[in-house]
Amino acid sequence: MGETVTIVGAGIVGICCALSLQERGIRVRLLDRGAPGQETSSGNAGIISPWSIIPQAIPGVWRTIPGLLLGRESPLTVRSSFWPKMIPWGLKFLSKSNERSVRQTSEMMEYLCGPSIDLFRRRLKGTGHEDLVVDSYYIHVFRKGDRPSLDSLEYRMRRERGGELELIGSVELHELEPALSPVFDSAILIKGQARARSPGKIGEVLAKKARVQGAEFINTELHRLERGIDGVWILETGSGSLRADKIVMATGAWSADLLKSLGLKLPLVAERGYHVEFASPMVELRHSVMDVGAKIVASSMSDGLRVAGSAEFADIDAPADPNKRDVMVRQAKAICPGLKVDECHFWLGRRPSFPDSLPAIGEIAGHEGLFAAFGHSHYGLMMAPKTGEVVADAIAGRSQNIDLKRLDPMRFSQ
């Protein structure tokens, strides 16, 4: 029988790695302390966008940071205890904000995000849940007095790469989305998008598909990873020791701590995000809507209307900020005044973020048989299917038609 690859982490990235490896005839087992597909990406805004190709660090971003930090309902917060880690990470972040770096990063983001819709539909085919991915626009909405322009860098870059964008006014916007507040009087439509009706359900369905195809799922937690004297990897878990020739680390924001025992230091932080979801909203959005001013995204899903956003830098296991709930409920009502907010679910997730908005994908230099698949920042859901393809090709020895050095797990130490 052929080799078995051990995937640590059964989130959407780990599941997609498993499915891609299975397509190449490689057996897989997945380790996770939780239910498959129910961690960080299950709580996101559900956008599946080939045109999410603009990194977080863009020219001039440094000017906006004070306002983002100090605003009354700021979308960006840093816990006081986290500042010693935040400063060096932030300096690396700012160093990537020049236009040359942004364009190089954008090219790699397009490589990972571009095929996301087609790949998700391929994965869901035959599951009976093909309707979990639906076509939509991504609508960036602006308040009265704002001056959106298709010539600003982030929109211009999308158009240069073939994206179909349109600037519309109040009448056209409210014909598209009648539930939106009249305070929004213009919008930029990013077409050729899709949205997930339930990101968590997609993870559940694809995990079941992998299991039916022979994947083994082990419900346990990895405590330590080390290399045995015979060259085989040893995983110390809550259920005892396991051995593996090849490992894929797909543990998101927890990956850097798990790799410290190997002497690896990675500038990966937990960029925590929140959502509120309303089970009986009494309003519906036809597309994914981003309130550009508040930097939050609203989308109707199978379980209600979800509003997701916020960027909170804090220790990975720090308790949730209870004030975020009230802020996001107010922001949700500001987007859709008719929203019924009585039944509200509040959620916290941990985005694994590198300073350049790109993940770590590929074999880790000096650690043969250990492959990275983590660090997807805000883009985990949409980058997951292509990440699976890249990892599976690397393990199967298939060459890529693009230089992947910008995804090198050790790029920050070079």
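Reader: Which residues lie nearest the centre of the second largest pocket, and how many residues line this pocket?

Author: In this predicted model, the second largest pocket is lined by 20 residues, and those nearest its centre are Lys85, Asp257, Leu266, Leu268 and Val269. The elements that each give two or more residues to this lining are α3 (83-95), α9 (255-259) and β13 (269-278), and α3 contributes the most, with five residues. The space in this pocket comes to about 430 Å³.

Reader: What makes residues of the second largest pocket's lining count as nonpolar, polar or charged, and how many are there of each?

Author: Leu and Val count as nonpolar whereas Lys and Asp count as charged, so Leu266, Leu268 and Val269 belong to the nonpolar class and Lys85 and Asp257 to the charged class. Over the whole lining, 14 residues are nonpolar, six are charged and none is polar.

Reader: Which residues line the largest cavity, and which helix gives the largest share?

Author: The lining consists of Glu73, Ser74, Pro75, Ala294, Ile296, Ser310, Lys324, Val327, Met328 and Gln331, and helix α10 (residues 323-335) supplies the largest share, four residues. By class, five of the lining residues are nonpolar, three polar and two charged.

Definitions and conventions:
Residues numbered from 1 in each chain as written. Predicted model: local features only at pLDDT ≥ 70, side-chain atom pairs only at ≥ 80, totals over all residues. Heavy atoms only, no water. 1 Å grid on protein atoms, 1.4 Å probe; cavity = no way out; pocket = protein on both sides within 12 Å on 5 of 7 lines; lining within 4 Å. Points joined across faces, edges and corners; volume = space filled by probe spheres on them.
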